[in-house]
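This briefing gathers what can be said about a few helix contacts and a handful of individual residues. Please read it alongside the structure shown here.

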Amino acid sequence: MRRKIIAGNWKMNGTVGETEALIKQLLTATTGSGHAETVVCPPFTSLMIAAKLLKGSHIGLGAQDMSQHAKGAFTGEISAELLLTLGVRFVILGHSERRQYHFETDGLVNLKTRAALAAGLTPIVCVGETLEQRENGHTESVIREQIQGTMSGFGADELRRIVIAYEPVWAIGTGRTATPDQAQEVHRSIRQLLARIDDAASRELPILYGGSVKADNARGLLSQPDIDGALVGGASLKADEFVQIINAA
Ligand code: PGA
């Protein structure tokens with residue numbers, strides 16, 4: 001059976017105080033005894049307090065991005081090692097907002113993924129098509145290019161340590177979710193692409209869905225055979241809603 005993961009992407013939200021309050025609520029409301037691993041990804045400035053509160057708990061900690069470089073003169077950047085020493089275990093890479101606002105390419109996401117793996121972090125690599133690409137019937141080719149580009153040079157060993165998130169850009173923060181069938185279709189094709197690299201590893205790799213996941217649509221999405229969890233934005237900022245999504249898994 002594949003690992004199930006529910007990850008909260010807080011984006012640029014959460015002061016240190018807000019992080020403390022939200023994490024305390026999550027720790028009280030969840031037991032960790034379900035089938036899904038829970039991960040929260042607060043902004044860099046809240047990682048330290050989050051790490052302190054989550055230490056030894058059933059909730060894992062992730063960052064939202066990192067540099068492809070190991071160290072040195074890269075003003076404003078954060079390396080894998082800096083994250084690791086804080087207690088961070090996961091890192092979201094290639095989120096569509098990074099691609100859109102910071103011009104990140106598949107090639108760069110590939111380098112970042114390599115750096116994350118080399119340091120022992122679990123990368124959550126994001127792919128997804130825009131509305132225009134979907135409407136023009138290009139979903140499959142866009143996803144293929146993103147998977148081939150971000151996974152370039154990887155074999156079974158790498159795939160076994162990677163998590164993929166399928167996040168259709170048109171569903172992020174819009175309240176428009178892919179239907180369970182639409183999402184399943186893309187998840188299945190992602191797994192088939194990965195199977196070309198290594199069939200056994202492709203069956204083990206968790207593929208998360210992201211894009212307006214809420215308490216009321218989580219169950220339908222998560223019941224699909226190739227949907228192994230969720231990357232949750234807005235709804236992960238409300239403890240009660242996020243807990244309902246965790247419970248749905
Ligand atoms: P959303 O964001 O749940 O607010 O749509 C998901 C994401 O961007 O990871």
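Threonine 139 is buried, with a relative accessible area of 12%, and its place is in helix H7. The model is a predicted one, so that every value below is computed from predicted atoms.

- Not counting residues up to four places away in sequence, threonine 139 touches Glu129, Gln133, Arg134 and Val186; its relative accessible area of 12% falls under the 20% below which a residue counts as buried.
- Helix H7, which spans residues 139-150, packs with helix H5, residues 106-119, at an angle of about 40°, and the two axes are 7 Å apart; that angle makes H5 oblique to H7.
- The crossing of H5 and H7 is right-handed, and the contact is made by Asp106, Val109 and Asn110 on the H5 side, with Glu145, Gln146, Gly149 and Thr150 on the H7 side.
- Sorted by class, the residues in the contact of H5 with H7 comprise one nonpolar, four polar and two charged.

**Helix H12 and its two partners**

- The axes of helix H11 (residues 215-222) and helix H12 (residues 239-248) come within 9 Å of each other and cross at roughly 20°; since angles under 35 degrees count as roughly parallel, H11 and H12 are described in that way.
- H11 passes H12 in a right-handed crossing, in which Ala215, Ala218, Arg219 and Leu222 of H11 meet Glu241, Gln244, Ile245 and Ala248 of H12.
- The residues of this contact of H11 with H12 divide into five nonpolar, one polar and two charged.
- Helix H1 (16-29) also has a contact with H12: the axes of H1 and H12 come within 10 Å and cross at roughly 40°, and the two helices are therefore oblique to each other.
- The crossing of H1 and H12 is right-handed, and the residues that make the contact are Leu22, Gln25, Leu26 and Ala29 of H1 together with Ala239, Phe242 and Val243 of H12.
- The contact of H1 with H12 is made up of six nonpolar residues, one polar residue and no charged residue.

**Buried residues in loops**

- Aspartate 228 lies in the loop between H11 and strand S8 (229-232), where it is buried, with a relative accessible area of 2%.
- The side chain of aspartate 228 makes a polar contact with the side chain of arginine 2, at 2.9 Å; leaving aside neighbours within four places in sequence, the residues in contact with aspartate 228 include Arg2, Arg3, Lys4, Ile5 and Arg191, as well as Leu205, Pro206, Ile207 and Leu208.
- Methionine 66 is found in the loop between strand S3 (59-63) and helix H3 (80-84), and this residue too is buried, with a relative accessible area of 2%.
- Apart from residues up to four places away in sequence, methionine 66 touches Ile78, Ala80, Leu83, Val91, Leu93, Lys112, Ala115, Ala116 and Leu121.
- The C-alpha atoms of methionine 66 and aspartate 226, which are 160 residues apart along the chain, are separated by 28 Å.

- Alanine 51 is found in helix H2, which covers residues 47-54, and it is buried, with a relative accessible area of 13%.
- Leaving aside neighbours within four places in sequence, alanine 51 is in contact with Leu61 and Leu86; the C-alpha atoms of alanine 51 and valine 88, 37 residues apart along the chain, are separated by 7.2 Å.

**Residues with positive phi**

- Most residues other than glycine have a negative phi.
- Serine 212, although it is not a glycine, has a positive phi of about 55°; this serine is found in the loop between strand S7 (207-210) and H11, and is buried, with a relative accessible area of 9%.
- Lysine 11 is likewise a residue other than glycine with a positive phi, near 55°, and its place is in the loop between strand S1 (4-9) and helix H1 (16-29).

Note on methods
Residues numbered from 1 in each chain as written. Predicted model: local features only at pLDDT ≥ 70, side-chain atom pairs only at ≥ 80, totals over all residues. Heavy atoms only, no water. Axes fitted to C-alpha atoms, helices over the stretch in contact; angles between N-to-C directions. Helix = DSSP H or I, 4+ residues; strand = E, 2+ residues; numbered from the N terminus. Parallel < 35°, antiparallel > 145°, perpendicular 65-115°, else oblique. Left-handed = near helix turned anticlockwise from the far one by under 90°. Contact = heavy atoms within 4.5 Å. Nonpolar A, V, L, I, M, F, W, Y, C, P; charged D, E, K, R; others polar. Buried < 20%, exposed > 50% of the residue type's maximum accessible area, 1.4 Å probe, protein only. Polar contact = N/O pair within 3.5 Å; in protein donor to acceptor, adjacent residues only side chain to side chain.
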